[in-house]
Protein chains: 2
Amino acid sequence: MATTFDVLAEPRRREILDLLRTGERSVGELVDGMSLSQPGVSKHLRVLREAGLVDVRVEAQRRRYRVRAEPLAEIDAWLAPYRRFWTGRLDALERHLDETSRTGTTDKE
Amino acid sequence: MATTFDVLAEPRRREILDLLRTGERSVGELVDGMSLSQPGVSKHLRVLREAGLVDVRVEAQRRRYRVRAEPLAEIDAWLAPYRRFWTGRLDALERHLDETSRTGTTDKE
DNA sequence: CGGGCACATAACCTGTTGGCTATATTACGG
DNA sequence: CCGTAATATAGCCAACAGGTTATGTGCCCG
């Protein structure tokens with residue numbers, strides 16, 4: 001089963017998520033909103049669903065899809081340790097530890 | 001040229017980033033740190049480099065790689081509009097707007 | 001209760017990707 | 001200068017992903 005990153009790597013799937021960001025949508029609405037065949041959309045929705053990125057609500061013959069937060073929150077969490085690379089300053093000590101954590105090899109020169 | 005998401009979709013590339021998170025590393029050090037052939041590592045490094053996710057510093061015959069922040073910051077930015085899905089509460093008005101922003105179709109039933 | 005919607009699944013084809021082995025390249029050290 | 005160390009590139013192959021068309025399935029409506 002694909003990782004969240006795999007799933008998000010697909011532009012059309014990010015497009016779908018963008019469409020869902022403003023609220024639930026049926027498959028047909030998604031198809032209308034993005035030049036791609038209906039089976040194509042369904043295929044992506046399946047991937048999104050299996051990765052837990054969207055939720056379905058069956059309503060008569062329609063299926064309403066909406067964004068699920070958890071996997072996105074995981075990405076956010078994955079990003080956390082890197083965040084110090086671009087957010088303002090970090091503790092001088094912390095930086096020092098990083099620089100020297102692996103020293104001891106052929107590191108002198 | 002691959003998007004940042006494409007690049008991050010590869011587990012080995014995330015592994016490389018993880019190794020670089022604690023400071024610069026040479027290719028050889030990366031190879032030692034992750035069961036994968038040297039050409040394999042170099043190939044991934046090339047992708048990471050072209051996507052701007054890492055930087056190289058040539059030093060004698062060694063190449064020292066390190067993390068570059070920008071693309072990661074972009075991911076962070078992409079995540080922003082979704083963040084409200086899992087961070088605490090959001091403004092009632094904002095939620096209301098989302099729920100009703102597209103209403104007017106076959107939305108009643 | 002039969003026809004048509006809305007959606008999912010199947011089957012097929014093609015392009016891309018990642019791994020490997022072999023080889024080119026460049027810089028030192030002696 | 002030569003040999004070797006460190007890394008990049010080339011070439012090859014198997015696996016996979018995404019698009020398309022055709023078809024299955026369930027549910028409302030007249």
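**Chain contacts, sheets and DNA surface in a predicted model**

Student: How many residues of chain B are in contact with how many residues of chain A?

Tutor: The model is predicted: local features need pLDDT of at least 70, side-chain atom pairs count only at pLDDT 80 or more, and totals for chains, interfaces and linings use all residues. Residues are numbered from 1 along each chain as its sequence is written, while chains are lettered from A and ligands numbered from 1 in the order in which they are written. Two residues are in contact if their C-beta atoms, placed from the backbone, lie within 7 Å. On that basis, 23 residues of chain B meet chain A, and the number of chain A residues involved is 23.

Student: Which helix of chain B gives the most to the side of chain B that touches chain A?

Tutor: Helices (H or I, at least four residues) and strands (E, at least two) are DSSP runs, numbered from the N terminus. Helix 1 (4-9), helix 5 (70-83) and helix 6 (92-100) of chain B each supply at least two residues of this side. With seven residues, the one that gives the most is helix 5 of chain B.

Student: How do the residues of the side of chain B that touches chain A divide by class?

Tutor: Ala, Val, Leu, Ile, Met, Phe, Trp, Tyr, Cys and Pro count as nonpolar, Asp, Glu, Lys and Arg as charged, and the others, Gly among them, as polar. The division is 13 nonpolar, three polar and seven charged.

Student: What is the order of the strands in the open sheet of chain A?

Tutor: Two strands pair if DSSP finds at least two bridges between them. Strand 1 of chain A and strand 3 (residues 62-67) of chain A run antiparallel and are joined by two bridges, with A:Tyr65 as the bridge partner of A:Arg25. Strand 1 (25-26) and strand 2 (54-59) of chain A are the edge strands, each pairing on one side only. The order of the three strands is 1-3-2.

Student: Which residue in the turn between strand 2 and strand 3 of chain B has a positive phi?

Tutor: Strand 2 (residues 54-59) and strand 3 of chain B pair in the antiparallel sense over six bridges, and B:Val58 stands opposite B:Arg63. The two strands form a hairpin with two residues between them, and the residue with a positive phi, about 60°, is B:Ala60.

Student: How are helix 2 and helix 4 of chain A oriented to each other?

Tutor: Axes are lines fitted to C-alpha atoms, for helices over the stretch in contact, and angles run from 0 to 180 degrees between N-to-C directions. The axes of helix 2 (residues 11-20) and helix 4 (residues 38-50) of chain A come within 10 Å and cross at roughly 75°. Angles of 65 to 115 degrees count as roughly perpendicular. The two helices of chain A are therefore roughly perpendicular.

Student: Which helix gives the most to the surface near DNA strand D?

Tutor: A residue is near a molecule or strand if its C-beta atom, placed from the backbone, lies within 6 Å of it. DNA strand D is surrounded by 22 residues, the closest being A:Pro39, B:Ser26, B:Gly28, B:Pro39 and B:Ser42. By class, this surface has seven nonpolar, nine polar and six charged residues. The helix that gives the most, with six residues, is helix 4 of chain B.

Definitions and conventions:
Parallel < 35°, antiparallel > 145°, perpendicular 65-115°, else oblique.
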